[in-house]
Amino acid sequence: MIKETVTNFLFNNLNNFRIQDVVDILVVAYLLYKLFTLIKDTRAEQLIKGILMIFLLTKLSEWLTLYTINWILTNILKVGTLAILIVFQPELRRGLEYLGRAGFSSIIYPDMHKRKKSDTVEEIVNAVASLARQQIGALIVIERKTGLNEIIETGTEINGEVTADLLINIFIPNTPLHDGAVIIKDNIIRAAACFLPLSDSMSISRELGTRHRAAVGVSEVSDSLAIIVSEETGSISIAEAGVISRHLDIKTLEQILDQIYQPPEESESILLKWRKFNEEDSGKKED
């Protein structure tokens with residue numbers, strides 16, 4: 001009986017299936033795919049997840065007859081259209097610019113061959129060590145879950161494999177790309193000479209300059225980790241979650257980067273892990 005019902009259902013629907021329906025489905029799928037590529041690796045991706053969560057909570061509160069919560073969430077969704085236009089303004093602009101360019105052709109980044117993550121850590125550490133020895137100022141931002149495409153657009157795209165030589169050459173004084181930040185995603189240098197948002201925090205020491213304040217700023221608006229090399233002293237600092245830790249040695253930097261390049265399930269705050277390790281180590285020494 002069930003088999004016949006299913007067979008009849010499929011036969012009736014397939015019998016009425018038109019070529020226009022196939023085109024309709026393919027066009028919608030293509031548009032959804034392009035929408036996803038436009039918001040991928042941007043803060044909009046995280047915001048959309050938040051909107052979906054509000055929608056699910058609305059349906060859940062309706063099912064559980066939680067009238068007050070449901071009323072609040074329903075009204076939030078009603079004004080959501082205007083909020084989306086405001087919040088997603090950069091992505092909407094990028095999408096319209098994309099449609100205005102050469103037809104439906106898209107810019108495809110060349111595939112970079114995968115390397116061991118330990119190799120990427122080694123290259124970054126070697127570059128930072130060399131820059132610190134020469135007292136060459138540098139600002140390196142490692143992108144994590146929150147995308148930094150808006151910041152990348154302010155600089156010069158590179159999309160090259162991370163190597164110590166390339167990083168060092170970027171920050172050599174009086175070269176075209178030395179002024180600004182380098183953005184790294186996995187084992188790829190996405191862009192250089194990028195402008196970062198400056199932090200307004202009053203807790204930052206007055207002796208620290210714009211480079212350190214920019215590192216704290218980008219860590220406040222994303223989950224990225226910024227590495228700073230001071231051109232005055234050659235000291236190495238790291239900023240994460242709006243907190244800056246100064247005077248790190250190369251060994252500590254390597255340990256922190258090893259933690260960053262671990263699997264996502266081990267993505268606890270890097271600086272938090274480092275501080276816990278130091279506290280446990282100092283406690284053992286006291287004993």
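1. The chain folds into 12 helices and 7 strands, where helices (H or I, at least four residues) and strands (E, at least two) are DSSP runs numbered from the N terminus. This is a predicted model, in which local features need pLDDT of at least 70 and side-chain atom pairs count only at pLDDT 80 or more, while totals for chains, interfaces and linings use all residues. Residues are numbered from 1 along each chain as its sequence is written, and side-chain values use heavy atoms, with hydrogens and water left out.

2. Of the 287 residues in the chain, 35% are buried, a term that means under 20% relative accessible area, with exposed meaning over 50% and partly exposed in between (1.4 Å probe, protein chains only). Among contacts (heavy atoms within 4.5 Å) between residues at least 6 apart in sequence, 61% join residues at least 24 apart.

3. Ser237 belongs to strand 6, which covers residues 236-240, and Ser237 counts as buried because its relative accessible area is 1%. Leaving aside residues up to four places away in sequence, Ser237 touches His212, Ala226, Ile227, Ile228, Ile244, Ser245, Arg246 and His247.

4. Asp258, placed in helix 11, counts as partly exposed because its relative accessibility is 37%.
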